[in-house]
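My entries follow the structure.

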Amino acid sequence: MAEKIAAQALKGLLEGAAPFALIDVREAGEYNSSHIPGASLIARRQLELSIKPAVPLTDTHVVLCDDDGRRAQLAAASVERLGYRRVSVLDGGINRWVTDGFETEWGSNVPSKDFGEKVEVVNHVPEIEAKELAERIAKGEKFVILDSRTPEEFRRFCIPGGRSVPGGELSLRITDIAKKLDRDTTIIVNCAGRTRSIIGTRVLQRMGIPNVYGLKNGTAGWVLAGHKLETGADRVQLAPPSAEGVAAAEAYAAKLAAEDGVRSLDVAGLLDVIERGRQEVVYLIDVRTAEEYAAGHIPGFRWFPGGQAVQRSDDVAVVKNAPIVFACDGKARATLIASWYRQMGYREVYAVSGGTSAWTASGRSLERGVPDEAPVGYREARGHVKAVSPAELHASPPPAIIFVDTSQDFARGHVPGARWVPRGWLELWIGDVVPSKSTPVAVTCLNDRGSMLAAVTLKELGYQRVSVLDGGMAAWQKAGLPLEKGLSGVMAPPTDVVPAGPDRNFADMQNYLRWEEALGYKYASVKH
């Protein structure tokens, strides 16, 4: 059984140099409202899917926290079942932490966002307001707008006419993009808010690319200025870089390595570090595109595209004080991301020299495909839980139907009559929704993975007649069956989700952007 750790002892761990993970198991909305600085978010419902890559060694010290300790204690039992042997729960949760006088912060991926604001202030990264950009476009001035978010985000919405160039790709692609532009064309880098546009603009600024600006406040600023976003754009294809483009990116990488202290690993050195990973946590991160990773990657490397690795550093390096190794197909992209991590203060950061090319040149094989995304225990659960088809559930619904994913997913569509009982709260809420353990219960979610695991929990609690909607709501909708939308039966406003992008209302956008920009105020006197 997990031990309890006092707030003062946790504070000591955070200030020390020992590797350990502090994981907040609440939902994203709760975490966003208030969390312990240095805590990484892995919601309890995602532990079976996410903790293995986040904490690769099971003898790592893992500290779990929530608001009052109840969910963290339940999560600790799950983590221990996954084989982790040194699990602690913050005594009294964040409530006790605050009561004992320790600080909290709000927001998500705060270390990266704070760093982005520092980069802008210290390096005087140039920016342009949405209003000015729109006016100049209307006058016929020439612009190319490079969206540094993920292709998936770009497809959802973008600045009209923009093209997708994820942040980790900018240094490799910019030479080929720029040489096709007229000399009087201005380059704009944007994201959804601030961080990725600042980081992307700084890359181009440091490379010496002229006439470059970040779009202040990104797509959110564009919307607040009264302009429309484009939806469904598919300008995401990245042409193979030219020899000239690769040479420019690698020259820039060499400059970064020298100035920022990025260490290089040849294949022999990489093998040594991989061997170290048998005894200590070592993060192996491939920063290329999803297509490149699937086509072939060095065995053991996890995919995390470069721009997102900078944006979400606390999701990449959940175990503190652990070495991090970045790889690409050469050295340009890996060194770029490693340099950002060095600037963020990570001590032991490496780039694999030659990346996958060097690995294959040494006579070794690449691994193909992507890892199985099924959570641990899902396949076993399918063998022990009754699955019912959408048609069967529609024809003979049981007295109780529950939905165990987020409130946002529930509101977008659920089986008529279903009640929202999120998996993170399942043991604590189910007795109020289904008091009798002899009542038949059907468990649903988006795709059936969370509901299979939830069904196992219900059976462990003594519920005798449990079934799962096979394929989840995706299969239900594909079958054309009726949907109920909205927060039916939810008595209190949910706190589990953080609205993002256009899902935010205008006031939320304004408050978020003010908060993010204010992170940089403390760096105004920092000398570069």
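I worked from a predicted model, in which local features need pLDDT of at least 70, side-chain atom pairs count only at pLDDT 80 or more, and totals for chains, interfaces and linings use all residues. Residues are numbered from 1 along each chain as its sequence is written, and side-chain values use heavy atoms, with hydrogens and water left out.

**Ring pairs.** I counted a pair where ring centres of Phe, Tyr or Trp (its six-membered ring) lie within 6.5 Å, with planes under 30 degrees apart called stacked, over 60 edge-to-face and the rest tilted. I found nine aromatic pairs in the structure. One of them, Trp106 with Trp515, is tilted, at 4.7 Å centre to centre and 40 degrees between the planes. This pair links distant parts of the chain, 409 residues apart: Trp106 is in the loop between α5 (93-99) and α6 (110-123), and Trp515 is in helix α25 (residues 506-518). Helices here are DSSP runs (H or I, at least four residues), numbered from the N terminus.

**Accessibility.** I took buried as under 20% relative accessible area, exposed as over 50% and partly exposed as in between (1.4 Å probe, protein chains only). Trp106 is partly exposed at 34%, whereas Trp515 is buried at 13%.

**Cluster and charge.** I noted that ring pairs join Trp106, Tyr512 and Trp515 into a cluster. A charge sits over a ring if NZ of Lys or CZ of Arg is within 6 Å of the ring centre and within 35 degrees of the ring normal. Arg504 places its charged end over the ring of Tyr512, 4.2 Å from the centre. Arg364 lies over the face of Trp359, 5.7 Å from the ring centre.

Conventions. Helix = DSSP H or I, 4+ residues; strand = E, 2+ residues; numbered from the N terminus.
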